[in-house]
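The exercises below concern charged side chains in a protein model. Please examine the sequence and coordinates before reading each solution.

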Amino acid sequence: MSAIRESRMNEEVLKTVSEIIREMKDPRISDMTTLTGCEVTNDLKYAKLRVSVYDEDEAKRKKTVDALNHAAGFIAHEVGARMRIRAVPSMKFALDDSIAYSVHIAK
């Protein structure tokens with residue numbers, strides 16, 4: 001896959017998944033959840049999404065990521081319906097601490 005198509009696909013998946021997460025009504029997902037990045041493989045089989053949760057409690061951050069990984073099948077189904085792509089990537093969410101780290105360094 002060309003670099004331009006790959007970056008476009010990453011951005012579209014990121015935007016679509018962000019919309020889906022905002023519409024979800026799962027109480028385990030924090031309101032301060034942000035997707036910071038997406039990496040889709042060349043064959044469109046897998047997508048790794050980085051999640052940043054702005055919350056002081058580490059347990060709430062991990063609970064949010066666990067809830068997103070639990071709902072990955074539903075999110076992938078919704079991505080397929082909204083983007084109308086043939087191969088829908090299987091989603092894997094990982095906690096991204098870069099924003100919290102930069103706030104810590106700024107202090």
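Predicted model: local features only at pLDDT ≥ 70, side-chain atom pairs only at ≥ 80, totals over all residues.

**Exercise 1.** Determine how many salt bridges the model contains, and state which partner Glu39 has and where the two residues lie.

*Solution.* The criterion is a side-chain nitrogen of Lys or Arg within 4 Å of a carboxyl oxygen of Asp or Glu. Applying this rule gives a count of seven salt bridges. In one of them, Glu39 pairs with Arg50, and their closest N and O atoms are 2.9 Å apart. Glu39 belongs to strand E1 (residues 33–40) and Arg50 to strand E2 (residues 46–53), so the contact ties together parts that are 11 residues apart in sequence. As to accessibility, Glu39 has a relative accessible area of 45% and is partly exposed. Arg50, at 28%, is likewise classed as partly exposed.

**Exercise 2.** Locate the salt bridge between Glu58 and Arg61, and classify each residue as buried, partly exposed or exposed.

*Solution.* The closest N and O atoms of Glu58 and Arg61 are 3.2 Å apart. Both residues lie in helix H2 (residues 58–70), where a spacing of three residues corresponds to about one turn of the helix. For the classification, buried means under 20% relative accessible area, and exposed means over 50%. Glu58 has a relative accessibility of 34% and therefore counts as partly exposed. Arg61 has a value of 11% and therefore counts as buried.

**Exercise 3.** Describe the salt bridge between Glu78 and Arg82, and identify the network in which Glu78 and Arg82 are linked.

*Solution.* Begin with the distance: the closest N and O atoms of Glu78 and Arg82 are 3.4 Å apart. Next, consider the position in sequence. The two residues are in helix H3 (residues 72–83), and because they are four residues apart, about one helical turn separates them. Arg82 has a relative accessible area of 36% and is partly exposed. Finally, the network of salt bridges links Glu23, Glu78 and Arg82.

Methods. Residues numbered from 1 in each chain as written. Heavy atoms only, no water. Buried < 20%, exposed > 50% of the residue type's maximum accessible area, 1.4 Å probe, protein only.
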